[in-house]
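Please read it alongside the sequence and the three-dimensional view.

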Amino acid sequence: MTRALIMAGGTDEKWTNLGGTGRRHFQLVCGERVIDRVIRQLRERGITDIGIISPPNDPGYDIGGTFRVKPVYAEWGHEGLNGQHYWHEQARTLMVYGDTVFAERAMDVIAGYQAQQFMMFGRFGNGVIKGGGGELFAFSFWPEQRDAWRDAVQQSFDLKARGLIKRGGSWEGYRIMGGARGAGVGRHRLYPRVFTNLDDRLTDDFDTPAQYAKLRALFEASA
């Protein structure tokens, strides 16, 4: 059994400040809203226990067959700690970034992962839509790893406060889960034991209207 929590609780300030209208989760790709696409893909792979971490007063997130989770954190970097009171007590929790448009094969890998260990899913290197720097798409953990994940993210912010790294958050938490310590937490490095690289030239998120237009065109051309 898997409980999926879709992370859609941010402010979306970057998107709107760069000229985007509406929330990114509600933009259309192949005739579906981005968030509806994610939900459909999860359900088609047998995951039906789905929560949406979202702003509490936006009816656009009232989607049949899902439950709403009020975000504790809205700022970037803390999203991986949201929904803690809904993390599964006996089985797998799958945290999915709600602004990501997933290729079907990418969702096959993410939804089908059943190893009882922490695993981050993302693109480690350059992408077609957003270029370099890597991107996170989802992560998976079981009850025995949830405290370690929570501690890793919190530790990353402690390292930032001490001036050892420039930022804290999910990337840095992943590196700690992979074994990085101290200043090494701030270095972009692949830890294959806890990272599955999904580089299908389609799966990505978007921050700007231009990126959205390019991503939408790529998916619709491949449909």
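Helices and strands are DSSP runs numbered from the N terminus, a helix having at least four residues and a strand at least two. In these terms, the place of Gly127 is the loop between β8 and β9. The model is a predicted one.

## Overall architecture

The protein chain contains six helices and 11 strands. Its C-alpha trace spans about 45 × 35 × 35 Å along the principal axes. The radius of gyration of the protein chain is 16 Å, which agrees with the value near 17 Å that a compact globule of 223 residues would have.

Of the 223 residues, 54% are buried. Among contacts with a separation of 6 or more, 63% join residues 24 or more positions apart. The protein chain exposes about 9900 Å², and carbon and sulfur atoms supply 50% of that area.

In soluble globular proteins, nonpolar side chains tend to be buried together. In this model, the largest nonpolar core has 36 residues, of which Ile35, Leu42, Leu94 and Ile110 touch the most other members. The elements that give two or more residues to this core include the strands β1 (2-7), β4 (49-53), β6 (92-97), β8 (119-123) and β9 (135-141), together with the helices α2 (34-44), α3 (104-112) and α6 (209-222). Helix α2 gives the most to this core, with five residues. Apart from this core lies another, of 28 residues, among them Trp87, Tyr97, Ala180 and Val194.

What does Ile35 touch beyond its neighbours within four places in sequence? The contacts of Ile35 are Ile6, Ala8, His25, Phe26, Ile52, Tyr61 and Ile63.

## Buried strand residues

Leu5 is found in strand β1. Leu5 counts as buried because its relative accessibility is 0%, where buried means under 20%. The C-alpha atoms of Leu5 and Ile52 are separated by 5.7 Å, although the two residues are 47 residues apart along the chain. Leaving aside neighbours within four places in sequence, the contacts of Leu5 include Gly51, Ile53, Phe67, Val69, Trp87 and Leu94.

Ala138 lies in strand β9 and is likewise buried, with a relative accessible area of 0%. Not counting residues up to four places away in sequence, Ala138 touches Leu94, Met95, Val96, Tyr97, Ile110, Met119, Met120 and Phe121.

## Loop residues

The table gives the relative accessibility of four of them.

| Residue | Relative accessibility | Class |
|---|---|---|
| His25 | 4% | buried |
| Gly127 | 18% | buried |
| Cys30 | 31% | partly exposed |
| Arg201 | 62% | exposed |

His25 is placed in the loop between α1 (13-17) and β2 (28-29). Beyond its neighbours within four places in sequence, His25 is in contact with Met7, Ala8, Arg33, Val34, Ile35, Tyr61, Gly98 and Asp99.

Gly127 counts as buried because its 18% relative accessibility falls under the 20% limit. The C-alpha atoms of Gly127 and Arg201 are separated by 6.7 Å, the two residues being 74 residues apart along the chain.

Arg201 itself is located in the loop between β10 (195-197) and β11 (204-205). Arg201 counts as exposed because its relative accessibility is 62%, where exposed means over 50%.

Cys30 occupies the loop between β2 and β3 (32-33). Its relative accessibility of 31% makes Cys30 partly exposed.

Note on methods: Residues numbered from 1 in each chain as written. Predicted model: local features only at pLDDT ≥ 70, side-chain atom pairs only at ≥ 80, totals over all residues. Heavy atoms only, no water. Rg over C-alpha atoms; globule rule 2.2 N^0.38 Å. Buried < 20%, exposed > 50% of the residue type's maximum accessible area, 1.4 Å probe, protein only. Contact = heavy atoms within 4.5 Å. Areas by Shrake-Rupley, 256 points an atom, 1.4 Å probe, with all protein chains shown as cover. Core = buried A, V, L, I, M, F, W, Y, C linked by side-chain atoms within 4.5 Å.
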